[in-house]
Amino acid sequence: MKERNNLYPVFLKTNTLKILIVGGGNVAEEKLHFLTKSSPDAVVTMVAPFFRDGTRELALEFNVELIEDVYQTCYLQGKHLVIAATDQPEVNFRVYRECRERDKLVNVADNPPYCDFYMGGIVTKGNVKVAISTNGTSPTTAKRLRQFFEEVIPEEIDQMVLNLNAYRKKLKGDFEYKVKEMNKVTRSLVGDEIFQDKQN
């Protein structure tokens, strides 16, 4: 049977969640960088015996709490998402085990079997956000796809979304009517032949 990606994509309101990153090295800094790039209002705490200068700069810019300490179970208190990114497998596994015992979602960096979620490639253009997943099998592919979509999706797409939203709000009628009207307006964006193919 051919493999497929069975992950369910969601977009989290990270400003209402509390996220913990365990680790202070290169990988932890990379996780923080991509998290804050996509969600600059994320509520993040990091715990590690030391932090890189780059991590400290990011933490200052995005109001990230840094705790200089070895990982302890108490740091899971009140957290919703946890990322284990230390260079010590035994610590990462402990974080994973203790998160599962407490029903917390956890991601162990570069270790798919110990991940409840993956941090995929993300493209953001205003209100439009595209997330890319390779099911944890090839981060490099996700990165290349992200670069591709960043180039081909125009910045102006956000204005289109805002215009369509304003038009939708002006429509009167039930849901079915609004769907039909929005289809009429957006048909030219993808070409009439696509709609004709679907009807045939």
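**Reading a pocket and the chain around it**

Modeller: In this predicted model, the second largest pocket has a volume of about 340 Å³. Its lining comprises 20 residues, and Gly23, Gly24, Thr86, Asp87 and Gln88 lie closest to the pocket centre.

Colleague: Which elements each supply at least two residues of that lining?

Modeller: A lining may be read by element. Here α1 (26-38), β2 (43-48) and α3 (89-101) each supply at least two residues. The largest share, three residues, comes from α1.

Colleague: How do the lining residues divide into nonpolar, polar and charged?

Modeller: The lining of the second largest pocket holds 11 nonpolar, six polar and three charged residues.

Colleague: How many helices and strands does the chain have, and in what order do the elements run?

Modeller: The chain has seven helices and seven strands. Read from the N terminus, the order is β-α-β-α-β-β-α-β-β-β-α-α-α-α.

Colleague: What radius of gyration does the chain have, and what would a compact globule of 200 residues have?

Modeller: The radius of gyration is read against a reference for chain length. A compact globule of 200 residues would have a value near 16 Å, whereas this chain has 21 Å. Along the principal axes, the C-alpha atoms fill a box of roughly 60 × 45 × 35 Å.

Colleague: What percentage of the residues count as buried?

Modeller: Taking buried as under 20% relative accessible area, 34% of the 200 residues qualify. The accessible surface of the chain is about 13400 Å², with 52% belonging to carbon and sulfur atoms.

Colleague: What share of the contacts with a separation of 6 or more joins residues 24 or more positions apart?

Modeller: Such pairs account for 53% of those contacts in the chain.

How values were computed
Residues numbered from 1 in each chain as written. Predicted model: local features only at pLDDT ≥ 70, side-chain atom pairs only at ≥ 80, totals over all residues. Heavy atoms only, no water. 1 Å grid on protein atoms, 1.4 Å probe; cavity = no way out; pocket = protein on both sides within 12 Å on 5 of 7 lines; lining within 4 Å. Points joined across faces, edges and corners; volume = space filled by probe spheres on them. Helix = DSSP H or I, 4+ residues; strand = E, 2+ residues; numbered from the N terminus. Nonpolar A, V, L, I, M, F, W, Y, C, P; charged D, E, K, R; others polar. Rg over C-alpha atoms; globule rule 2.2 N^0.38 Å. Buried < 20%, exposed > 50% of the residue type's maximum accessible area, 1.4 Å probe, protein only. Contact = heavy atoms within 4.5 Å. Areas by Shrake-Rupley, 256 points an atom, 1.4 Å probe, with all protein chains shown as cover.
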